[in-house]
Amino acid sequence: MEPDPRGSCVLSNLAEVVERILGFLPTKALLRAACVCRLWRECSRRILRSQQSVVWVSTVEPGPSNSHALVQVLAEELEKVHVLPQTVLYIADAETFSGHEESHGHGQKKARRKNSTEIATALEKLLPKRCQVLGLVTPGVVVTPIGSRSNRPLEIEDGEAGFALLFPKIDGVKIQTFHFFKDLKSRVLDESQFAEAGLKNNPDLRVVLLFGYNTWKTGSTRFLQQIVNRLNEKSIVLAGGHVERFTSPTSENNTQAAESCGVVGLAFSGPQIQSATVLLDQDVVDERTAEAAMQRLKAAHIPEHNSLGFMFACIGRGYQHYKVKSNLEADAFRKFFPNTPLFGFFGHGEIGCDRIVTGNFILRECNDAKDDLLHGYTTVMTLIHLGSAKGSQV
């Protein structure tokens, strides 16, 4: 049968029809379709601008023996997502990502995986070249399984797990990665780097997630305190923790930084952003007191629509801390925020306090003194609302 020329006419001339059809394509297929002609390119650009919902890819299952499961899952899911990531935060478990596992019967470690740099390189090759990437390796991972925002978040204290948060370009929101490391040649922090990262002279700065690495090295605590002191303002939410290491081959001065101690993170700027954070201290030892902390977070009245939850916990908490119940803190979060995905890790120290930013409202009374933001044996729960996103929610 001869092809119907009227079909070609519709797809070549009616932008509304073309845009409607192309809107069903995942992003990678859409980018290929954009190469067909000028009309398809313009329609594809409009579709991409409308896709402003944060998407995540996660795994809690073992992957191939020569890599990490997150690489395999990300490769598969990137063929399906309807978003073009501009910034990516990924976190994976340290034991598997770094290349060792328990040898059955001997109690010794044996090499099984590729080293973390090779895995990170494979992972980042899957992402757009101009994408900002921040990769962290931690002793444990807090992750919401892929598929639905209402899926039960899981505290994975042992075993292979990881996630990647894909942030597209969002109207009214700017997300910047930053990296400061202790330079042995200079004891003075470069203030220009703070300005470049949007951490200084930025009235729209709302949230800073920051992570210290190599915190066991001499001088690391003092260096981290210097960074935190510059950011300890009542008008922003500050949260994070100490990770095993950061791994990002695309980072400048990566080799020198890996041998030093430093701080990496994400800065969220935009007047539409709302955020709140609460601290679960050492006295939170049961389900009742954990839920009381979540009630404080709920009292901030942060919209659940287009929001993300973050949990930064000490490796001394989790199942061992609560003794009778696993996944307690993640379950407490889900009870009060049933449609907000939760992500994070178990680490070697926590950064944060009770604080909320919605306009000029502060969740609790704050005096003129700086808040104590560095903790141990605690959990920091943080909620970030990115405004009213265009497009469908995942």
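At what angle do the axes of helix 2 and helix 4 cross? The axes cross at roughly 55° and come within 9 Å of each other. Axes here are lines fitted to C-alpha atoms, for helices over the stretch in contact, and angles run from 0 to 180 degrees between N-to-C directions. The model is predicted: local features need pLDDT of at least 70, side-chain atom pairs count only at pLDDT 80 or more, and totals for chains, interfaces and linings use all residues. Residues are numbered from 1 along each chain as its sequence is written, and side-chain values use heavy atoms, with hydrogens and water left out.

The protein has 13 helices and 20 strands. These are DSSP runs numbered from the N terminus (helices: H or I, at least four residues; strands: E, at least two). Of the 394 residues, 52% are buried, meaning under 20% relative accessible area with a 1.4 Å probe, protein chains only. The protein exposes about 18700 Å², by the Shrake-Rupley method with a 1.4 Å probe. Carbon and sulfur atoms supply 51% of that area. Among contacts (heavy atoms within 4.5 Å) with a separation of 6 or more, 82% join residues 24 or more positions apart.

Helix 2 spans residues 15–22, and helix 4 spans residues 38–50. The two are therefore oblique to each other. Angles under 35 degrees count as roughly parallel, over 145 as roughly antiparallel, 65 to 115 as roughly perpendicular and the rest as oblique. Helix 2 passes helix 4 in a right-handed crossing, in which the near helix is turned clockwise from the far one by less than a right angle. From helix 2, Ala15, Val18, Glu19 and Leu22 take part in the contact. Their partners in helix 4 include Trp40, Cys43 and Ile47. By class, this contact has seven nonpolar, one polar and two charged residues. Ala, Val, Leu, Ile, Met, Phe, Trp, Tyr, Cys and Pro count as nonpolar, Asp, Glu, Lys and Arg as charged, and the others, Gly among them, as polar.

A second pair is formed by helix 11 (residues 287–298) and helix 13 (residues 328–336). Their axes lie 9 Å apart, at an angle of about 40°. Helix 11 is therefore oblique to helix 13. This crossing is right-handed. The contact has seven nonpolar, one polar and five charged residues.

Seven of the nine residues of helix 13 are buried, so this helix is largely enclosed by the rest of the structure. Among them are Glu329, Asp331 and Phe333.

Conventions:
Buried < 20%, exposed > 50% of the residue type's maximum accessible area, 1.4 Å probe, protein only.
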